[in-house]
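Work through the exercises below with the sequence and the structure at hand. Each task is followed by a solution in steps.

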Amino acid sequence: MMRPRERIAAALLALGAVAAQAQPCTLVFGQGRNPPAPGEPDWDALNQRFNAAVAGALDGEGRRAMPMTASSVQIDPEGAGLALLQQADRLRCTTLAETAVFADEQGTLVLRLRIYPLLPALGEGGAIVGLRIGAPLFVTQRDLDLKALSRLKPEGIGRQMAAEYLQHDRR
């Protein structure tokens, strides 16, 4: 039989666990844009490293961040988008951080972080049927010469860009 003090401690632990689960999260999503090619950089690995750095920096500042990446060879972008929103809904995420490392058509190396709100999607009769992505709240980007790729440290730039966002969004 538990003593009153033990019951109170158990109840507080249970409430703490429920509160931790209820804390909103940020889904940190990244997808490669440059397909794999012989002699080319491993864009998917660069995206994963950048994504993990952003997620780690947000998580380290008390934001519950959940990293998620998709390969550049993903053949069903619509399906990937739906899976992203379903995962965000399951995790109770209220924010989407989109990460990207790619070479654009002009040969520029681009590292980008965009932050979006995740808003309720309404179905028939006004019932909430999932999530939708709102307009960007924050965007930061680095445009570098592609020659910088051999010296690129996506982890450092990811932490720096996440810090810029956190400076912008003080909670």
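This is a predicted model: local features need pLDDT of at least 70, side-chain atom pairs count only at pLDDT 80 or more; totals for chains, interfaces and linings use all residues.

**Exercise 1. Describe the span of helix H3 and work out how its buried residues are arranged.**

Step 1. Helix H3 covers residues 77-91, which is 15 residues. From first to last C-alpha it reaches 21 Å, close to the 21 Å expected at 1.5 Å a residue.

Step 2. The buried residues of H3 are Ala80, Leu84, Leu85, Ala88 and Leu91. Seen down the helix axis, the buried residues of H3 fall within an arc of 135 degrees, so they line one face. An α-helix has 3.6 residues a turn, so residues three or four places apart point the same way.

Step 3. On the face turned away from the buried side, H3 carries the exposed residues Glu78, Leu82 and Arg90.

Step 4. The partners of the buried residues of H3 are the strands S1 (25-31), S2 (64-70), S3 (93-103), S4 (108-122) and S5 (128-133).

Step 5. After H3 comes Arg92, with a positive phi near 65 degrees.

**Exercise 2. Find which elements build the largest nonpolar core, and name a second core.**

Step 1. The largest nonpolar core has 24 residues, and Leu58, Val101, Leu111 and Leu152 have the most contacts inside it.

Step 2. Two or more residues each come from helix H2 (43-60), S3, S4 and helix H4 (154-168). H2 gives the largest share of this core, seven residues.

Step 3. Take Val101 as an example: leaving out residues up to four places away in sequence, Val101 touches residues including Trp43, Leu46, Phe50, Leu111 and Leu152.

Step 4. A second, separate core has 13 residues, among them Leu27, Cys93, Tyr116 and Leu131.

**Exercise 3. Locate the largest pocket by its lining.**

Step 1. The volume of the largest pocket is about 250 Å³.

Step 2. Its lining consists of 15 residues, and those nearest the centre are Phe29, Gln31, Arg33, Leu84 and Glu98.

Step 3. The elements giving two or more residues to this lining are S1, H3 and S3. Leu84 is also one of the buried residues of H3.

**Exercise 4. Is Ser71 buried, partly exposed or exposed, and which residues does Ser71 touch?**

Step 1. Ser71 is in the loop between S2 and H3.

Step 2. The relative accessible area of Ser71 is 28%. Buried means under 20% and exposed over 50%, so Ser71 is partly exposed.

Step 3. Not counting residues up to four places away in sequence, Ser71 touches Gln31, Gly32 and Asp44.

Step 4. Ser71 and Gly30 are 41 residues apart along the chain, and their C-alpha atoms are separated by 8.7 Å.

How values were computed. Residues are numbered from 1 along each chain as its sequence is written. Side-chain values use heavy atoms; hydrogens and water are left out. Helices (H or I, at least four residues) and strands (E, at least two) are DSSP runs, numbered from the N terminus. The expected span of a helix is 1.5 Å times one less than its number of residues. Buried means under 20% relative accessible area, exposed over 50%, partly exposed in between (1.4 Å probe, protein chains only). The arc is that of the directions from the helix axis to the C-beta atoms. Contact means heavy atoms within 4.5 Å. A nonpolar core is a set of buried Ala, Val, Leu, Ile, Met, Phe, Trp, Tyr and Cys residues joined through side-chain atoms within 4.5 Å. On a 1 Å grid over the protein atoms alone, a cavity is a set of points where a 1.4 Å probe fits but cannot get out, and a pocket is an open set with protein on both sides within 12 Å along at least five of seven lines; lining residues have an atom within 4 Å of a point. Grid points are joined across faces, edges and corners, and a volume is the space filled by probe spheres set on the points.
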